[in-house]
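Reader: I would like to go through the terms used for this model and see what each rests on. Please set the values against the cut-offs.

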Amino acid sequence: MPQIEKHKSEFILLSLWLLMFSSSSQFLIISPILSQIGEQLSIPDALRGTLITAYALTLGIVALLTGPISDRIGRRKVLLIGSGVLAVSLALHQLAFDYTSILIMRILSGFGGGVLTGSCVAYIGDYFPKERRGWANGVIATGSAAGQILGIPVGTIVSEMFGFYAPFQFFAVIMFISFFMILFWVPQPKVELANCSIKIGDIVKDYFSILKIKSVKTIALGYLLMFLSVTVFIVYFPTWLENEYNASSVDIALLFFIGGLATIFSGPLAGKISDRSGRKSIIIISNLLLGLIMSISIFFLDFGIEFSYPVFFIIMLLAVGRMIPFQALASEMIDDKSRGRMMALVISVGQIGMAIGSAISGYVYTEFGFFGNAIIGAIASVVMAVLINKYISEPKMVLKNESV
């Protein structure tokens with residue numbers, strides 16, 4: 001096992017943590033302030049979900065093109081390009097004045113996010129030894145959790161006080177800090193770079209070649225279902241609470257704060273457990289439990305809005321509990337030279353799932369109420385568990401019971 005210099009790995013994790021904090025927070029903030037964006041910019045209800053769809057689709061397309069580029073030029077350069085583009089695009093949100101302009105801003109952000117997507121996970125796969133990747137992924141994932149605990153609640157309240165653009169300015173500053181930390185502290189991992197073509201036609205052929213691997217097909221479909229299930233549930237959850245239970249911005253901020261506590265607890269724990277006892281069983285169990293909780297969640301709210309907090313806590317706990325080992329599992333399905341393309345492919349498919357989930361969530365919510373959203377999310381989670389159980393074998397190397 002290669003020896004990692006402690007101080008260097010700490011700087012790397014901190015840099016990637018800030019990147020994850022800002023990039024995930026700027027996306028997550030859309031859900032709690034979606035109604036406010038719509039009101040300030042006079043966007044009809046039916047079009048509001050498309051702000052998420054446009055971001056997800058752009059991210060997915062750009063990520064597919066970035067994957068082979070990162071395999072060829074190295075993960076560090078890609079992280080610098082992505083963080084720089086996303087920082088600038090977030091700063092430009094203040095210029096939005098109607099539906100078209102905010103849509104353009106979200107597309108630009110999707111471009112920056114697409115360059116970054118998969119790069120953090122692939123970088124961890126390049127730099128950290130196999131028996132520590134689950135742990136490192138778990139640490140990085142707490143950046144998203146901190147976004148929910150600090151960024152999203154504060155951003156929700158600040159948005160109501162100063163306008164929807166305010167939290168995007170804050171996340172732009174954090175992303176600029178991450179950019180300079182990566183520039184000075186994050187090295188290019190000592191892995192052999194691929195001599196793959198970056199022509200569009202060749203990229204498409206490469207992806208079809210990777211998809212011929214049965215396990216990769218299953219992982220890709222798993223990503224689609226994973227993102228779809230969470231998106232279709234979460235996007236209109238705050239709106240439902242506002243409409244049915246008169247939830248305030250403080251209520252919504254507290255909800256995401258509690259959800260963040262769940263993810264910051266679940267991420268590192270799930271990563272460590274999966275390093276020692278295997279990824280597959282944790283992914284399956286988390287999905288089945290998530291399907292159960294989603295399907296019955298709406299009934300708990302009959303007892304009062306305060307029950308939304310434990311429900312959301314459990315849902316986020318299980319969502320992250322399956323995501324961390326699933327990311328580590330995906331990074332182990334292919335060799336080092338192709339890891340960037342592999343992660344770009346499956347996460348891009350995941351973004352398609354997010355786009356589908358956000359696109360249909362408004363219609364489902366309007367026609368069937370939030371119960372429809374919850375049921376679709378539950379079904380997607382259960383189907384993911386079935387696919388992983390049937391078609392994915394546990395990588396032997398993660399079964400070592402070693403201390404991390």
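Reader: At what angle do helix H14 and helix H17 pack, and how far apart are their axes?

Author: This is a predicted model, in which local features need pLDDT of at least 70 and side-chain atom pairs count only at pLDDT 80 or more, while totals for chains, interfaces and linings use all residues. Residues are numbered from 1 along each chain as its sequence is written, and side-chain values use heavy atoms, with hydrogens and water left out. Helix H14 (residues 280–300) and helix H17 (residues 370–391) pack at about 165°, with their axes 8 Å apart. Axes are lines fitted to C-alpha atoms, for helices over the stretch in contact, and angles run from 0 to 180 degrees between N-to-C directions. Helices (H or I, at least four residues) are DSSP runs, numbered from the N terminus.

Reader: Why are H14 and H17 called roughly antiparallel?

Author: Angles over 145 degrees count as roughly antiparallel. The angle here is about 165°, so H14 and H17 are roughly antiparallel to each other.

Reader: What makes up the contact of H14 with H17, by class?

Author: Contact means heavy atoms within 4.5 Å. Among the residues of H14 that meet H17 are Lys 280, Asn 287, Gly 291 and Phe 299. By class, the contact of H14 with H17 has 16 nonpolar, seven polar and one charged residues. Ala, Val, Leu, Ile, Met, Phe, Trp, Tyr, Cys and Pro count as nonpolar, Asp, Glu, Lys and Arg as charged, and the others, Gly among them, as polar.

Reader: How do you know that H5 and H6 are roughly antiparallel?

Author: The axes of helix H5 (residues 75–91) and helix H6 (residues 99–116) cross at roughly 165° and come within 7 Å. H5 and H6 are therefore roughly antiparallel to each other. Their contact has ten nonpolar, six polar and one charged residues.

Reader: Why is Ser 358 called buried?

Author: Buried means under 20% relative accessible area (1.4 Å probe, protein chains only). Ser 358 has 2%, so Ser 358 is buried. Ser 358 is found in helix H16 (residues 339–368). Leaving aside neighbours within four places in sequence, Ser 358 is in contact with Gly 49, Ile 52, Thr 53 and Thr 231.

Reader: Which residues touch the most other members of the largest nonpolar core?

Author: A nonpolar core is a set of buried Ala, Val, Leu, Ile, Met, Phe, Trp, Tyr and Cys residues joined through side-chain atoms within 4.5 Å. The largest has 114 residues, and Ile 219, Tyr 223, Phe 326, Met 342 and Met 343 touch the most other members. Helix H11 (residues 214–234) gives the most to this core, with twelve residues.

Methods: Buried means under 20% relative accessible area, exposed over 50%, partly exposed in between (1.4 Å probe, protein chains only). Helices (H or I, at least four residues) and strands (E, at least two) are DSSP runs, numbered from the N terminus. Angles under 35 degrees count as roughly parallel, over 145 as roughly antiparallel, 65 to 115 as roughly perpendicular and the rest as oblique.
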